[in-house]
Amino acid sequence: MPEARLSFAEHYHERTKYAPATLASKSQGLDWSTQPSPYKDYKIGTVYDLKPFLTEEIQSDRDGLLASRWRRLSRLLFCSYGLTARVPTVTGDAFYLRAAPSAGGLYPAELYLISAGTPLLSAGIYNYQVRTHSLIHFWQDNHVWSGLQQACFSHPTLQNTRMAIAITAVFHRSAWRYQDRAYRRIFLDTGHLLGNIELASSIEDYQASLIGGFADESINELLFLDKEVEGAIAIVPILDLQDEERIGRGQESREPMQRSLNISRGVMTALPSGTVHSYPKLPDGKLLEYLHQSTQITEKPNMQKLWEKLDVKKSDQTANNSEPDLDKYNFPFCTKVSTITESIHWGDDLELLENTILQRRSTREYSGAKLELAELKAILDFTYQPQNYTDQGIDGNPDYFDLSLIETFVAVTGVVGLEEGCYYYAPKSQELRQIRFKNFRDELHYLCLGQELGRDAGAVIFHTADLQKAVEKYGDRVYRYLHMDAGHLGQRLNLAAIGLGVGVSGIAGFFDDLVNDVLGIPNDEAVLYITTLGRPR
């Protein structure tokens with residue numbers, strides 16, 4: 001019986017793996033004169049300068065309401081993707097870092113605000129000009145919101161909101177350096193950005209939802225994108241919680257209102273695309289473009305079948321919730337370490353969290369000194385147990401595409417009180433389960449393409465997914481969802497570590513198959529992302 005052909009998402013993943021024997025052939029010299037600009041400019045439009053609202057000393061109107069609204073929106077965008085540091089370069093040109101990390105500092109994402117008409121923003125489309133921290137209103141249209149709703153198949157969160165952030169990718173910004181594998185990095189970068197938007201929304205009294213299932217062509221046309229250059233990859237409806245109170249429901253009804261919204265969040269967040277099994281033999285350099293086309297949704301899903309599927313899924317979850325443990329690798333005799341711990345306190349009005357977002361930097365070198373077990377527990381707690389932070393005003397049920405597809409493994413080489421080895425992290429049971437007994441320091445150095453961060457870290461966290469099962473559930477489009485969710489988790493790891501004074505750095509370049517072989521991770525688990533934790537040198 002002939003072997004079933006891989007879907008194109010699986011084919012792409014296999015073709016873009018790094019391996020010792022082929023890494024050199026996948027590398028190419030960089031022509032710095034051809035590097036794409038990380039900024040998008042508009043020649044025409046109304047500019048709204050957001051810089052004056054970054055400080056407390058703002059000139060307000062009579063009741064301060066309008067100025068307060070501007071300040072919250074300004075800080076939401078700044079904490080999400082604003083310029084946070086200037087780095088000198090050998091050429092003398094200024095290079096700017098942003099609030100969200102990006103592989104190689106290439107920043108492929110663009111942010112657009114779509115407004116149905118709010119007290120601040122008249123109906124239409126705005127681009128966030130990150131270089132000047134301003135909005136440019138380049139398209140005014142009272143019907144743009146209905147167009148967004150139609151393109152998102154009447155997603156329920158768009159019925160409750162008046163504003164949404166559309167995230168797009170300018171593909172060549174990353175492909176210029178990382179070639180075909182850039183598609184992975186673009187969506188990991190977008191996941192970092194989603195993590196910032198989620199937490200910045202909590203800080204500024206918004207609630208962010210997430211839409212990954214939409215008609216790509218319709219959204220691209222709505223935003224006037226050149227589809228050969230740029231494509232929409234996520235929609236984030238933003239609910240203003242303060243405005244919900246002002247229209248008459250009051251503080252006492254906020255919790256029921258949020259519960260009602262949470263029901264519509266998570267429903268239709270991730271919709272399936274088709275699965276391409278018949279595809280041409282493509283040369284290197286053409287895989288990224290073909291995969292993006294393969295992952296698009298070209299027609300409205302059969303909503304009746306989708307709702308039936310969701311109802312079955314919901315009933316399955318209800319039945320499974322009666323089981324004491326849904327996590328994998330629960331071997332009866334393996335070493336188990338509870339990760340239940342006291343939550344990180346992010347300060348009054350989440351001031352420490354906001355400062356952490358703006359001051360976050362990827363650590364360049366580790367000293368090799370050990371981490372404390374309490375630090376690792378706190379980092380895992382903030383990342384995987386968001387419900388523990390509701391009393392601090394942080395969204396306790398953040399939107400992801402489908403976290404049930406993501407698995408987490410931790411290679412421990414230097415944590416006080418924790419035996420060296422590879423552990424599976426069970427988020428529902430909140431425990432680490434040891435699956436291999438060894439110090440992997442030398443192997444981690446090699447797996448991470450010789451980066452000393454892998455060798456000198458105290459713990460290295462791996463996010464993986466069973467790609468075949470994921471494709472069966474969501475089609476080729478799941479490749480987007482998996483990497484955005486992994487990046488979102490990675491950003492929470494980043495912020496928890498920085499908040500505790502622990503060094504942290506993400507790694508998206510690694511020898512894929514060797515990770516599984518060395519650490520004992522099953523071969524059907526595709527490695528998505530690596531986050532290293534260590535003592536900064």
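A: Happy to! In what follows, two residues touch, or are in contact, when they have heavy atoms within 4.5 Å of each other. Please keep in mind that this is a predicted model.

Let's start with Asn220, which sits in helix α8, spanning residues 216-222. Asn220 counts as buried because its relative accessibility is 5%, and buried means under 20%. Leaving aside residues up to four places away in sequence, Asn220 touches Leu225, Gly231 and Ala232.

Next come the nonpolar cores. The largest one has 113 residues, and Leu73 and Ile167 are the members that touch the most others in it. Leu73 touches Leu113, Leu120, Leu121, Leu135, Met163 and Tyr206, again not counting residues up to four places away in sequence. There is also a second, separate core of 22 residues, with Tyr366, Ala426, Ile507 and Val527 among them.

The largest cavity contains about 80 Å³ of space. Its lining includes Leu194, Ile197, Glu198, Asp399 and His488, and helix α7 (residues 182-203) supplies the largest share, three residues. Sorted by class, that lining has six nonpolar, two polar and two charged residues.

The second largest cavity has a volume of about 40 Å³. Tyr81, Pro101, Asp189, Thr190 and Leu193 are among the residues lining it. Here too, α7 gives the largest share of the lining, three residues. By class, this lining has five nonpolar, two polar and one charged residues.

Technical notes
Residues numbered from 1 in each chain as written. Predicted model: local features only at pLDDT ≥ 70, side-chain atom pairs only at ≥ 80, totals over all residues. Heavy atoms only, no water. Core = buried A, V, L, I, M, F, W, Y, C linked by side-chain atoms within 4.5 Å. Buried < 20%, exposed > 50% of the residue type's maximum accessible area, 1.4 Å probe, protein only. Helix = DSSP H or I, 4+ residues; strand = E, 2+ residues; numbered from the N terminus. 1 Å grid on protein atoms, 1.4 Å probe; cavity = no way out; pocket = protein on both sides within 12 Å on 5 of 7 lines; lining within 4 Å. Points joined across faces, edges and corners; volume = space filled by probe spheres on them. Nonpolar A, V, L, I, M, F, W, Y, C, P; charged D, E, K, R; others polar.
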